[in-house]
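Welcome! Let's walk through this structure together, one piece at a time.

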Amino acid sequence: MSKEFYRNTKAYDIAFSDREFDTECDFLIWCLHNLGKVKKTKLEKKNFLELGCGPARHTREFAKRGWDSYALDISDEMIEYALHEARKESLQINGIVGNMIDFKLNKKVILAATLMESIAHILTNDDMVNHFKTVSKNLVDGGIYIIEGTHPQFFFPDDETNSWISEEGNFSVEITFGTPEDTYNSLKQTWQVSNKMKIKHGNAPVVETKSISEVRWYLLQEMKLLIEKAGVFDKAWFFGSLYTIPPFVIDETENSDAMVIVLRKAKKKVNKVKFNLDL
Ligand SMILES: C[S@@+](CC[C@H](N)C(=O)[O-])C[C@H]1O[C@@H](n2cnc3c(N)ncnc32)[C@H](O)[C@@H]1O
């Protein structure tokens, strides 16, 4: 993981905030109510955990809606930033510096999510299985865990640099996230993604950063096996977007902009998971 890239918290937030966080949170809550199997008394507790949270926009949206909200990230700078932003909005959130592969909350939640490809920072099969087991230990029975990952149809980047400029107030961030020269390790199945930022803030000197992030984009078939190997979820759904409610089954059309995986925590060890697709 490139810690360097996530150190420029404000710039990251500006560059990646062009999303409808409230719509995404509506999707998460729809899944909990329609696919989860949480006891009514626990459902009323309304608690949410965001993993690999970055600026924790979803956590803050849940806090706005009156939920007890937890944000976990391996970067202490990101957690500090998320808490600072929450305070500015007079919101109460719980920030945790931790590793999503192995952590323990002081109470179990009914809903957890890892959004916008944070899951790609988990690089090995063993770590993914441990991650699933850890998430399940922190979820109540019948609770829901949602992952927004890259759709496999976008695995192989086109031959153009992925660059854009985002602005907020007197901040301007020019960002590059992936170039055609990036290398792929075909045995580890990981990309070395080049990240560049050019940050202009008022009259302050321009800051330029360069780093490489190692990420793994998971295939749907291997995800199915890893979910089954973890043995902690009894049902799993693969959807194509966070932006359609009720959700639709993932397909190869352009409507599928992501691989959204919804997992339901089982009461006891599971050998066979029920999937919503027949692939
Ligand atoms: C692509 S950002 C996504 C942030 C956020 N989910 C969003 O929707 O904007 C990835 C985040 O994952 C964090 N991260 C990477 N590896 C992690 C790990 N093992 N445990 C927890 N967080 C991790 C990084 O520090 C970074 O903040």
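Which residues of helix α6 are buried? In this predicted model, they are Met-78, Ile-79, Tyr-81, Ala-82 and Ala-86. These residues cover an arc of only 160° around the axis, which puts them on the same side of α6. Now look at the face of α6 turned away from its buried side, where you will find the exposed residues Asp-76, Arg-87 and Lys-88.

The helix can also be checked by its length. After α6 comes Ser-90, which has a positive phi, near 55°.

Next, turn to strand β4, residues 109-114. Six of its six residues are buried, so the strand is largely enclosed by the rest of the structure. Strand β1 (residues 47-51) runs parallel to β4 and is joined to it by four bridges, with Phe-48 having Leu-111 of β4 as its bridge partner. Strand β5 (residues 139-149) is also parallel to β4, and five bridges join the two. Here Leu-111 stands opposite Ile-144 of β5. Follow the chain through β4, helix α7 (residues 125-137) and β5, and you trace a right-handed β-α-β unit.

Finally, find the ligand. It is surrounded by 18 residues, and the closest are Gly-52, Gly-54, Met-100, Met-116 and His-121. This shell divides into 10 nonpolar, six polar and two charged residues.

Conventions. Residues are numbered from 1 along each chain as its sequence is written. This is a predicted model: local features need pLDDT of at least 70, side-chain atom pairs count only at pLDDT 80 or more; totals for chains, interfaces and linings use all residues. A residue is buried if 20 or more other C-beta atoms lie within 10 Å of its own, exposed if 12 or fewer, and partly exposed in between; C-beta atoms are placed from the backbone. Two strands pair if DSSP finds at least two bridges between them. A crossover is right-handed if, with the strands pointing away from the viewer, the path from the first strand over the helix to the second runs clockwise. A residue is near a molecule or strand if its C-beta atom, placed from the backbone, lies within 6 Å of it. Ala, Val, Leu, Ile, Met, Phe, Trp, Tyr, Cys and Pro count as nonpolar, Asp, Glu, Lys and Arg as charged, and the others, Gly among them, as polar. The arc is that of the directions from the helix axis to the C-beta atoms.
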